[in-house]
Amino acid sequence: MSRTAVLTANGALDAGPMAAILANHAIPGCEVTDRAGRSHTRLLATPGGPRRVTVTVRPDDVELIADTDDDVEFTHLVRTTRRWLDLDTDTDAVVRALGGDPLIGPLVRRRPGLRAVGYPEAFEAAVMTVLGQQVSVAAGATFGGRLAAAYGTASSTELTLFPSPEAIAAAPPEELRAAVGVTRTRAATVQNVARAVADGLSLDPDGDHAALRRDLLAIPGIGPWSADYLAVRVLRDPDAFTPGDLVARRAMGNPDIRDAGRRSEAWRPYRAYALFHLWTSATYGGD
């Protein structure tokens, strides 16, 4: 049995870029996307176990269909989806804060409903961030699909549940490297992240973000870009920024990392939204 909810956004909703980021980052085997219909299907955790959900991004809202008839599970899935898709942020406040900026202002006025889409599962996000370093988005997704095929869990829905930290941490290093097709250094970083999470590291958006950043940077192979990216997309920090991000810096006119960080100070307290506008202006070709 499935249940359906219509999730309204707090303010405007820019459907095209939201659907695009879900599609572009989809992990083969774990997620299925209908680009034309702007729908996205995957498994999400609930207190009773993983459940299949489909989100369809519409011009004014998001439709959620979840494979559960349990009230507690469904409430959990609604809450997870709202946070994942950033539906509760007051985008009018973002427009007021950034609309007058010479660089970001025109972008914000063009897409006042752009939302800082995150990840619904923190560990999955951390691993995909490592796999996506210094490669294209498509290549990162391919690596994630191989990892899931090798160490994930099959489900009755024909979707694969992303591997657990314990499964990745326990894998023989050379076996994992060969299965995913990455360098030994990259494979080692994936396993370092898995061990940290298995040992208790919690990427909780409600936790101490400064302490979490220090914990992330203490993991061998995790650098400032990864820590900053996770602050934006997992910790849901509206003021986080990635000064080392190449796409964002190109959209800013190619400043160096230090200058990009300095220039971002003008976009507080919504630097994450400025970042999404930079990314979108550089990569999204739709209306």
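## A walk around the fold

Visitor: To start with a helix on the sheet, at about what angle does helix H2 run to E1?
Guide: Keep in mind that this is a predicted model. Helix H2 covers residues 71–84 and lies across E1, E3, E4 and E5. Its angle to E1 is about 35°.

Visitor: In what order do the 5 strands of the open sheet come?
Guide: The pairing in this sheet is antiparallel. Its edge strands, each pairing on one side only, are E1 (3–8) and E2 (31–34). Neighbours are turned by 20° against each other on average, direction ignored. Reading across, the order is E1-E5-E4-E3-E2.

Visitor: Let's zoom in on E3 and E4: which residue in E4 stands opposite Leu44?
Guide: Strand E3 spans residues 39–44 and strand E4 spans 51–57. They pair in the antiparallel sense over 6 bridges. Opposite Leu44 you'll find Arg51.

Visitor: Moving on to helix pairs, are H5 and H6 parallel or oblique to each other?
Guide: H5 is residues 122–131 and H6 is residues 137–151, with their axes 8 Å apart. They pack at an angle of about 125°. Angles of 65 to 115 degrees would count as roughly perpendicular and those over 145 as roughly antiparallel. H5 and H6 are therefore oblique.

Visitor: How do the residues of the contact of H5 with H6 divide?
Guide: From H5 come Val127, Met128 and Leu131. H6 brings Gly140, Ala141, Phe143, Gly144 and Leu147. Gly counts as polar here. The contact divides into 6 nonpolar, 2 polar and no charged.

Visitor: What about H8 and H9: how do they lie to each other?
Guide: H8 (173–180) and H9 (184–198) have axes 9 Å apart and pack at about 110°. H8 passes H9 in a right-handed crossing. Since 65 to 115 degrees is the range that counts, they are therefore roughly perpendicular.

Visitor: And how many residues of the contact of H8 with H9 are charged?
Guide: Pro173, Glu174, Leu176 and Arg177 in H8 meet Arg184, Ala187 and Gln191 in H9. Among these residues, 3 are nonpolar and 1 is polar. The charged ones number 3.

Visitor: Stepping back, what is the radius of gyration of the chain?
Guide: The chain has 14 helices and 7 strands. For 287 residues the globule rule gives 19 Å, and the chain's own value is close to that, so it is as compact as a globular protein of that length. The radius of gyration is 18 Å.

Terms used: Residues numbered from 1 in each chain as written. Predicted model: local features only at pLDDT ≥ 70, side-chain atom pairs only at ≥ 80, totals over all residues. Heavy atoms only, no water. Axes fitted to C-alpha atoms, helices over the stretch in contact; angles between N-to-C directions. Helix = DSSP H or I, 4+ residues; strand = E, 2+ residues; numbered from the N terminus. Parallel < 35°, antiparallel > 145°, perpendicular 65-115°, else oblique. Contact = heavy atoms within 4.5 Å. Pairing = 2+ DSSP bridges. Rg over C-alpha atoms; globule rule 2.2 N^0.38 Å. Left-handed = near helix turned anticlockwise from the far one by under 90°.
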